[in-house]
Amino acid sequence: MKKIAIIGLGYVGLPLAHAFSARYSVVGFDINEARVKELNEGYDRTLELDEHQMEEALENDMKFTANLDDIADCNIYIVTVPTPIDKDNRPDLTPLVQSSQSIGKVLKKGDVVIYESTVYPGVTEEVCVPELEKTSGLKFNKDFFVGYSPERINPGDKEHTVTKILKVTSGSTPEIAKKVDTLYKSVIVAGTFLASSIKVAEASKVIENTQRDVNIALINELALIFDTMGIDTNEVIDAAATKWNFIKLTPGLVGGHCIGVDPYYLTYKAEELGYKPNLILGARQINNGMGKYIAEQTIKEMIKHDKKVKNANILVLGVTFKEDCPDMRNTKVVDIIEELKSYECQVDVYDPWVDPNEPKQHYTHGIIANPFESEKKYDAIILAVAHQQFKVLARSAYEKLSTSEAVLIDVKGIIENPTWRL
Ligand SMILES: NC(=O)c1ccc[n+]([C@@H]2O[C@H](COP(=O)([O-])OP(=O)(O)OC[C@H]3O[C@@H](n4cnc5c(N)ncnc54)[C@H](O)[C@@H]3O)[C@@H](O)[C@H]2O)c1
């Protein structure tokens, strides 16, 4: 009988555990004891699973644990730990190495370890497998096997949830590849695509996000060019998108744990092999510069509207990396705030999705209470994230928050006639 352990219960691991728990016996393992406690109490702070789904998982006998002994009798281990970058934009494989070492301690003959974390091609077989072999003393592809099946979920997206997205699968031998594929097919309603090798499956995931990053960078670069020409980029995009093969994207900030991070995994490996990936790195540089650019445009507009810059009160609406979710990882709104502060502006930040009491891991400036219920007036307002709560408001609601001659900066194209929009 299959018993599955999901290692790493974050945005990816928890919904996956819930999906498997409908058919299999599942144990969720995480080193974060506070997270495990909350999950056992039926609360998911990432909001990927609602109360009802948490109840469902717990009723399906799903267990959440931080104790390795609780996953010792599993025979399938699925790894969904983070794959961040360090301060020099190099892959930080520590969570993958450490989780492989943990699994190695409980690995038995016949077990299968499937990695889902986004990596560059080669990480599963060249970095993780040696750790599994070392800690377990078992032999790869003789005693135990591995698979790779990248995750494609989109945090906050309630339509494209884990079982509704076609899943790429792969395995370390043809038989194991089939076994891995059959396992996912049994819960992924959208079906699976069995890749020819683990490296192909790894590469397929990293290029999905790299392609998106490069495409957005092109649109961002066009926005920078059209801005100097006094042309509205969004109007240009609407016109160009009337051609069937134009990819319609809008300019914006690229943050989060995936699109702004994964391309560095690929560029790291490419450079290690002696190839300089100029296009991908150039795209990263453009996208990373957008926060500073938005702040500079805000300052210019304030000057045009006779607003004093030093000590000006500026309100930033939204600080998560994307709309309608509480995920703040690698949010580029922070770049806007930092740049404005360098002009000695007083910046208030409001985000209805972020708990003001949450430990400030990703962001240190604090969140104010709902400004729409306060009397404070601002010299400039920046709509940084298109949360539903902001989209439903009319322009007048923002004007009420402003000193005379409101400077309304719209990063996401959600208000009518802003002073400036990206
Ligand atoms: N978030 C997304 O939208 C998304 C989408 C597709 C793919 N991915 C990829 O999936 C992977 C996981 O991302 P995520 O967003 O779920 O991350 P996350 O930070 O939300 O969750 C990861 C969890 O792993 C735990 N963890 C860390 N080290 C561990 C260890 N050694 N043993 C056990 N648990 C450990 C953490 O405590 C955390 O709860 C990453 O590689 C990411 O690139 C993420």
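How do the residues of the shell around the ligand divide into nonpolar, polar and charged? They divide into 12 nonpolar, 10 polar and four charged, where Ala, Val, Leu, Ile, Met, Phe, Trp, Tyr, Cys and Pro count as nonpolar, Asp, Glu, Lys and Arg as charged, and the others, Gly among them, as polar. This is a predicted model, in which local features need pLDDT of at least 70 and side-chain atom pairs count only at pLDDT 80 or more, while totals for chains, interfaces and linings use all residues. Residues are numbered from 1 along each chain as its sequence is written, and side-chain values use heavy atoms, with hydrogens and water left out.

The ligand is surrounded by 26 residues, a residue being near a molecule if one of its heavy atoms lies within 4 Å of it. The closest are V12, D30, T83, T118 and P155. Helix α4 (residues 94-106) gives the largest share of the shell, three residues; helices here are DSSP runs of H or I with at least four residues, strands are runs of E with at least two, and both are numbered from the N terminus.

Polar contacts are pairs of N or O atoms within 3.5 Å. An N or O atom in the side chain of D30 is 2.6 Å from an oxygen atom of the ligand. For T118, a polar backbone atom is 3.0 Å from a ligand oxygen, and for R329 an N or O atom of the side chain is 3.0 Å from a ligand oxygen. Taken alone, the ligand exposes 830 Å², and the protein buries 91% of that (Shrake-Rupley method, 1.4 Å probe).

Strand β12 (residues 402-410) pairs with β13 in the parallel sense over two bridges, and the bridge partner of I409 in β13 is W420.

Note on methods. Pairing = 2+ DSSP bridges. Polar contact = N/O pair within 3.5 Å; in protein donor to acceptor, adjacent residues only side chain to side chain.
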